[in-house]
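Subject: A structure for you to look at

Hi there,

Here is the structure I promised to pass on. Please open it beside this email and follow along as you read.

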Protein chains: 2
Amino acid sequence: MEVAIHSHSGGLFKNLVCGFLYLHRSCFHHGRSKRLLFSRLFPPMNLHGDKEIGVGRSGELTCKSQRLMLQAGLIQPANTGCFHYMPYTVRAMEKLVQLIDEEMKLIGGQKVNMPTLTSANLWKISERWDLLGKELFRLKDRHNIDYCLSPTHEEAVTELVAMQGNLSYKQLPLMLYQVTRKFRDEPKPRFGLLRGREFYMKDMYTFDISEKAAKETYKLVSGAYGRVFDRLGLRFVKVQADPGSIGGNLSHEFQLPAEIGEDRLLMCSDCHFAANAETMKTVETNCPQCEGKLIENRGIEVGHTFYLGTKYSQVFGALHSNSENKPILSEMGCFGLGITRILAAGIEVLSTETDIRWPRLVAPYQICVISPKKGSKEEVCMDLLESLYDNLMDTVPQLQGEVVLDDRSHLTVGRRLKDANRLGYPYVIIAGRRILEDPAIFEVNSQNNGRTLFLTQEGVLDFLKNIQMA
Amino acid sequence: MEVAIHSHSGGLFKNLVCGFLYLHRSCFHHGRSKRLLFSRLFPPMNLHGDKEIGVGRSGELTCKSQRLMLQAGLIQPANTGCFHYMPYTVRAMEKLVQLIDEEMKLIGGQKVNMPTLTSANLWKISERWDLLGKELFRLKDRHNIDYCLSPTHEEAVTELVAMQGNLSYKQLPLMLYQVTRKFRDEPKPRFGLLRGREFYMKDMYTFDISEKAAKETYKLVSGAYGRVFDRLGLRFVKVQADPGSIGGNLSHEFQLPAEIGEDRLLMCSDCHFAANAETMKTVETNCPQCEGKLIENRGIEVGHTFYLGTKYSQVFGALHSNSENKPILSEMGCFGLGITRILAAGIEVLSTETDIRWPRLVAPYQICVISPKKGSKEEVCMDLLESLYDNLMDTVPQLQGEVVLDDRSHLTVGRRLKDANRLGYPYVIIAGRRILEDPAIFEVNSQNNGRTLFLTQEGVLDFLKNIQMA
């Protein structure tokens, strides 16, 4: 079969269909829509039955999300605590970043990008060069000058703001953030993306003119973080936390309750009190606020917020002039979200033992369409599935690029349905028995609630038109 | 003025307008559109007259793009050869990455993300650990194991593919790419983002079953790279190049002709021959292909392509089985685009001595609307400008987030127009004298062709509706 592929700029490549993820339909139809074929996706799925996949390096602690992500080919171990993110994971990560960008824009966040290499001098000024000990990856450049691979950027951002000179209070609150790779030489990397040595973090730094204003900003950003988890459908607990080496005197963590969580959370059964157990000086069984009973849970930390005061602005001279034009040390806050950790933690808390469940909005692909098996009774309806696919592309623009056609028609529908569940598509469409009815009836499985709908083509289109995409 | 701000999830924050980039209009109108105010953008513009900005560290070579980018607050020096990318630059970079993603998707590229830390072992297997000498940033982890900060990922990706086991020829060509930060300990970092020690690169690695197929893929990717530059409106020359430490026997560079370019290009005046001078064994003045006269130009390398053969697949055992199920060493190619370098090089070749010109599709914001000066005759027309802004947001959805309102109405329109030109908005809308006519006439300056249009509000909307956004 010869298929002509039109390039964006109108050039023409011939006979190249085997080189493409997408089967272009330009030979059948006009227009640029195309089919995304499962058999072309990397890595190829080797989810055949129960072939055991080596999980983790020897002696490494593992967990459900790590096992499921390795089995589905979402991550691939590189070095200790470092993973290759495969195409599905990159898609999920980009969707998560976009969702966070939206929330940050709504509160006035501005996106920057700071270097990984930070000079030792900066960290010596803040007295963290020695404090961080072996957790800091350190290196020398060709001129024998010391650097670290930044695990966080309080020093860098404060110097950056200080270098702008005396900024006006009219520009406040100033909220700068970035989404970049961070580095931490963990003593025991474990749990896949949950505790690695190289990971993506979204870190925001805020600047205000007074403690009061900084605490308003603290609430504002915390609210936005809460909305991120709400939109992801992840139930979180916000607990009072230890500021650790970051500093400051007010700090909270966003925790996802989970058995494998490394943090012990204490929550009051009567009031809103919730704390990381490490913040309690003595072993407490009653709430310090209302004397209610404290219940213990384990949690995975996915976000951490800090009110920093002037700890960093003082040493780097970050100033803002107030309404009387008097320079005032900036009151700062910092706010982290673990990007790759949220992906893994989401999978950890939502998945079954065998099937991945993504926070739906960040699922790499929203829909998988499974073609009938070759040689089956339903094979005569192959074109119905394909035309459903093409109609979806034509009539629901927000699903462009979101629908995979599992074209491995040498396998049974049941086998492929099992693979689809393992990969975690929120919706799977198959041609069951009722595809032979007139009009043909498709089966739509909604993975997140376990329901199956039986719908005509029109019904399927109507149903999927209403999927919220962001 | 009290302005109510509705959060995404419907919560209500009061009195926070000063905390926002956007002036929400919810108190005036329904709907969620809002104005993006210039005075709130970071860093604040200090383009006042001719205040000299320190360009580069002492003794560092500088160039036009570096000077313009520093003056406009697009980048801020951090360490030698490392820059903070400020919000404008991050926007441009994200647009560039999206454009490249589109072209990669069209040819079947799949996006991955590989770690920065690569173990010395991998680089010793390929015998590049010693070869790269001081250009490689090296470090040890807490267990005294050697790593480098990857400047490129041939080793990592080949091992990654090899670990998938025997892949089928049906999956070929396999084209994996990533957009990540790369590291190179340059002896003399210079020219801002053109030659830094830390930079963003898009690198693609391809796998094929035969030399013939690999060379087809080589053409396919090269074609896509050409389309990237075409869409950016950047005139490029593709020259034969030296494969250097990457290896292989076929290599080309994409070069932007520019005086400050560090490469010497030789181009034939009669045929299509073009080469980096370093590939010519002797000093040639005539074309080796047609004896035509060779003309010398200088160029900035913005892309580099390599046919690698089996150099890496051999040492890492990356195999694909052919149609007879026989394992064959993968024939590889690799393809780089300098993301941050393209931004700087684009500015270098398009800008005037005082004003930045972006490749239009990646300009951080497409439009700047300048309000009348307070106390001027035109001040009575302030609401006309604001309603033009709001109508633009309402009627041209692709301009959401792309229009800045320069609200510094204490400054003259001329001063702000000068700033707008320095920042490089493709379109600037002002209220000149003719705003007082009935109907009011707006002035639209198209920076890229120097033309000024005089249009009614309807005319402005019609004109801007047709801006191509991607």
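Let's start where the chains meet: 57 residues of chain A are in contact with 57 residues of chain B, where contact means that the C-beta atoms of two residues, placed from the backbone, lie within 7 Å. Several elements give two or more residues to the side of chain A that touches chain B, among them strand 6 (83-85), helix 2 (87-107), strand 9 (138-140) and strand 12 (174-183) of chain A. Helix 5 of chain A gives the most to this side, with five residues. By type, the residues of the side of chain A that touches chain B divide into 28 nonpolar, 17 polar and twelve charged. Here Ala, Val, Leu, Ile, Met, Phe, Trp, Tyr, Cys and Pro count as nonpolar, Asp, Glu, Lys and Arg as charged, and the others, Gly among them, as polar.

Before going on, please note that this is a predicted model, in which local features need pLDDT of at least 70 and side-chain atom pairs count only at pLDDT 80 or more, while totals for chains, interfaces and linings use all residues. Residues are numbered from 1 along each chain as its sequence is written, and chains are lettered from A and ligands numbered from 1 in the order in which they are written.

How the two copies are related

Chain A as a whole

The secondary structure of chain A comes to ten helices and 26 strands. These are DSSP runs numbered from the N terminus: helices are H or I with at least four residues, and strands are E with at least two. An automatic or database domain assignment divides chain A into domain 1 (15-43 + 365-465) and domain 2 (88-350). The C-alpha centres of these two domains of chain A lie 42 Å apart.

Of the 470 residues in chain A, 48% are buried. A residue is buried if 20 or more other C-beta atoms, placed from the backbone, lie within 10 Å of its own, exposed if 12 or fewer do, and partly exposed in between. Among contacts in chain A between residues at least 6 apart in sequence, 67% join residues at least 24 apart.

Which residues touch the most other members of the largest nonpolar core? They are V369(A) and V369(B), in a core of 232 residues. A nonpolar core is a set of buried Ala, Val, Leu, Ile, Met, Phe, Trp, Tyr and Cys residues joined through C-beta atoms within 7 Å. Leaving aside neighbours within four places in sequence, V369(B) is in contact with residues including L385(B), Y389(B) and I429(B).

Next, find F442(A) in strand 25 (residues 442-446) of chain A. F442(A) counts as buried because it has 23 C-beta neighbours inside 10 Å. Not counting residues up to four places away in sequence, F442(A) touches L388(A), I429(A), A431(A), I435(A), L455(A), Q457(A) and V460(A). The C-alpha atoms of F442(A) and G432(A) are separated by 6.8 Å, although these residues are ten apart along the chain.

In chain B, eight of the nine residues of helix 4 (residues 154-162) are buried, so this helix is largely enclosed by the rest of the structure.

Strands side by side

Strand 15 (residues 250-257) of chain B is also largely enclosed, because six of its eight residues are buried. Strand 15 of chain B pairs in the antiparallel sense with strand 14 (residues 237-240) of chain B over four bridges, and with strand 18 (residues 294-309) of chain B over eight bridges, again antiparallel. Two strands pair if DSSP finds at least two bridges between them. Two bridges to look for are V237(B) with Q255(B) and P257(B) with G299(B).

Finally, chain A has an open sheet of three strands in the order 11-19-20, with mixed pairing. Strand 11 (167-168) and strand 20 (327-329) of chain A are the edge strands, each pairing on one side only. Strand 11 of chain A pairs with strand 19 (residues 319-321) of chain A in the parallel sense over two bridges, and S168(A) stands opposite S321(A).

Enjoy exploring!

Best wishes
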